[in-house]
Amino acid sequence: MKRLGNLALLLAVLATLYASFAYLKLDLLGLFSGDSPMMMWRYAQGFLQPDFSAELLRQIGRGTLETLAMSAIGTLLASVLGLLLALPAAGRFGALAKAVTRFLLNALRAIPELVWAALMVLAAGLGPNAGTLALTLHTSGVLGRLFAEALENTPAQPAQALRLTGSSSISAFCYGTLPGVWPQLLAYALYRWENNIRMASVLGFVGAGGLGQMLYISLSLFQQAQAASVILAMLLLVLLVDLFSNWARQRWVQAG
Amino acid sequence: MSLRQQGLRLIDAGLSYADGKVALSGLNLSVAAGESIAIIGPSGAGKTSLLHLLASHLRPSSGQIELLGQAPWTLPGRQRQQLRSQIGLIQQGSALPARQRVVTAVLAGKLGQWSTGKSLLSLLYPLDAEGAAGALAQLDLADKLYQRCDQLSGGQLQRVAIARVLYQQPQLMLADEPVSAMDPVLASHTLGVLKQYARNHACTLLASLHAVDLALAHFSRVIGLRDGRIVFDQPASCISPADLAALYANEQLQAAHSPAVVAPSIPRQVPRC
Amino acid sequence: MLSQRDPAALPRVLLTLLALALLWPGLVLSELNLAVLFDAGNLGNMGQFLSSFWPPAHDPEFLQLLAQATLQTLAIATAGMSLALLLAIPLALLATRALSISALPRGGQPAWWASALRWPVKGLLIVLRSVPEIVWALLFVRAVGLGPTAGVLAIGITYGGMLGKVYGEIFESTDLRPTRALLLAGSPRLSAFAYGVLPNAAGEILSYSVYRWECAIRASVIMGFVGAGGLGQQIDLSLRMFAGAEVASMLLTFLALVLLADLFSRWLRGRLA
């Protein structure tokens, strides 16, 4: 019976695959016939000789720093905001606060960064400010949820013991809970920063500054050579941030 | 009457847990300021519950409690916190965060007496490292000042927890098996340190001990606890072997009902230090 | 006077100075300006825009457009995954060490020349997935025009790279003894794969692929912002026209879509396990 069910499932999947192509009326074969391959090849050729002129490299340098700053400041702000929201979300201020903040955190992270960026461009205008705000909002939702889970899983006894010496809640938290949960928070924040570097690069597509905006513009102007340079810069940036993040994780999270 | 001259009182106090299990019942206890008392009894007798009750951690389900001349559960929260800053509880197992340095762990004793700003600043740079060193020196741990808690043995951690309470300088000290991880010589020495503090600062001291000989040797007044009730409350010299036999009779190795609060946060084996 | 100085003091100060030194240019470059969100004029505009979100657009004509866009997104994700599979499976088979014949006498490590032959394939997989799919989408939109084709191609390429890498790893993580036995007996690699690797790996492969399909749906919506069709493209259009009600409707649809896809993928993965 199960085999029949699995077979039916397989057929259903294959049918869906076929239907999706049919629905889109995709003419993939058309892509490979007539003039199209030649045109695409000529388009692609433009990328094979990246432009390395000094002026462009300087702009790319600036764009890279902008992207880096966007992701770093965004992740930093998001960590602070996320931690503030994680406290009620972990249930430390009662059930109502927990439900409300959990809902808020879910809303923040359900909306993709690009959509946030488009909204922020409307609110704050073009430029990296919109990108930073977008990353902050989305990432606080993600980090807030991760931090809340970390807080829920950490033992409450050290902080409780400090409360018994008459300490205020803030001090008890900082002396009792934070030292234990700190490596996890840092690990999550570093991981999100790695992700945000990739996102920061593309938020520029909706006008939020950085390398993404440069890429969008050069592609719109059909300047493939410049575009290729920007793409290379993006890849390099991602690689460097991954390396740094790995090092930081080893140094402070595992050794700690 | 100032806080200094007050002891503590329990009037027909009882404690039950949410699941209905009765931990303590019918407790009548009167302790004058500056007294040192040992609490002994079999496992599961309720020694830890009693100490947590006296620390104002647990609220009595019946009866009344007076600590340092005040009824803690009639006070508003802020004043109860102020009262608690005068009460030092040394918990069973140590409640110290693994990654924290010893100096910060000890300084945390005065969190109830410092302002929040000072507390947070001290987290970055210890503001009274000398004071912490002084407290640790009494327990021969001054050289561990800047080490991390997870680099210490179980017995050393216990002594750091004691140092924290010494640094706190409370008027009422409650010690739950403070020397359980120490060899007899060190245990005796450490109890001596606690008693000296109590003498010098007119502090009321109650310590629960597993080793009856230590209790009888160091404390002039001993309370025997069994099944949540006080079986005897006598000067040490008046306790006979028959009393002790009755207290520990049929001590079985069943798992005692552990109150929710006392789970050790760092799941260490407690080695001899 | 304390004989030791706080060893952590200097590193902390330096770290703080470094952080501050980096913070300032960071703030300048990111042009962070939270005030703009609270500026009165802006708040008015935003308030107006946000208030237009309610009620979400629900006229029949729009709902039909919405349904079509959603179906298109689903189709883009599914078609894109099909292409990705077509790309990933052969590449994974080529790159994986599980089917390496030179590895048989070497306990699982292929000979250097066999590894070298695999590098171009692995390199191709890395290149395919290192460039974010939205960049591919942008490129394809310029190359083949606006619409779903660009989206399908972009997903096909990036996810092909992702799936190829993960499939290879899954193959290598199964128990390879049956496969090696088959290879030793002279079986062609494809047969050895079908009879040796596939039975063990199928569950994990399917599970991961379904999970990736769910991600593909989200990616399709994002790519729509650069013109690759589907729900994303419609959201972008409505945003540019400040049609708040339509944006609200479409965002809600997106959230519902993601939720349903998540539930469906969990059910499917449970069923396949």
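Start with chain B of this predicted model and select its open sheet: six strands in the order β5-β6-β7-β3-β8-β9, with mixed pairing. Now colour the two ends of that order. The edge strands are β5 (87–90) and β9 (229–235) of chain B; each has a single partner strand, so one side of each is left without a neighbour in the sheet. If you look at how the strands are turned, neighbouring ones in this sheet make 15 degrees with each other on average, with direction ignored.

Next, zoom in on one pair. Select residues 172–176 of chain B, which form β6, together with residues 204–208 of chain B, which form β7: these strands pair in the parallel sense over five bridges. Within the pair, show M173(B) and you will find L205(B) of β7(B) standing opposite.

Select residues 154–168 of chain B for helix α6, which touches β5 and β6 of chain B. The direction of α6 makes about 175 degrees with that of β5(B). Then select residues 184–201 of chain B for helix α7, which also packs on the sheet and touches β3 (36–40), β6 and β7 of chain B. Here the direction of α7 makes about 160 degrees with that of β7(B).

For the last stop, bring chain C into view. How many residues of chain B are in contact with chain C? Eight are, and they meet six residues of chain C. Select residues 129–137 of chain B to see helix α5, which gives the largest share of the chain B side, three residues. Colour that side by residue class: seven of its residues are nonpolar, one is charged and none is polar.

Conventions: Residues numbered from 1 in each chain as written. Chains lettered and ligands numbered in written order. Predicted model: local features only at pLDDT ≥ 70, side-chain atom pairs only at ≥ 80, totals over all residues. Contact = placed C-beta atoms within 7 Å. Helix = DSSP H or I, 4+ residues; strand = E, 2+ residues; numbered from the N terminus. Nonpolar A, V, L, I, M, F, W, Y, C, P; charged D, E, K, R; others polar. Pairing = 2+ DSSP bridges. Axes fitted to C-alpha atoms, helices over the stretch in contact; angles between N-to-C directions.
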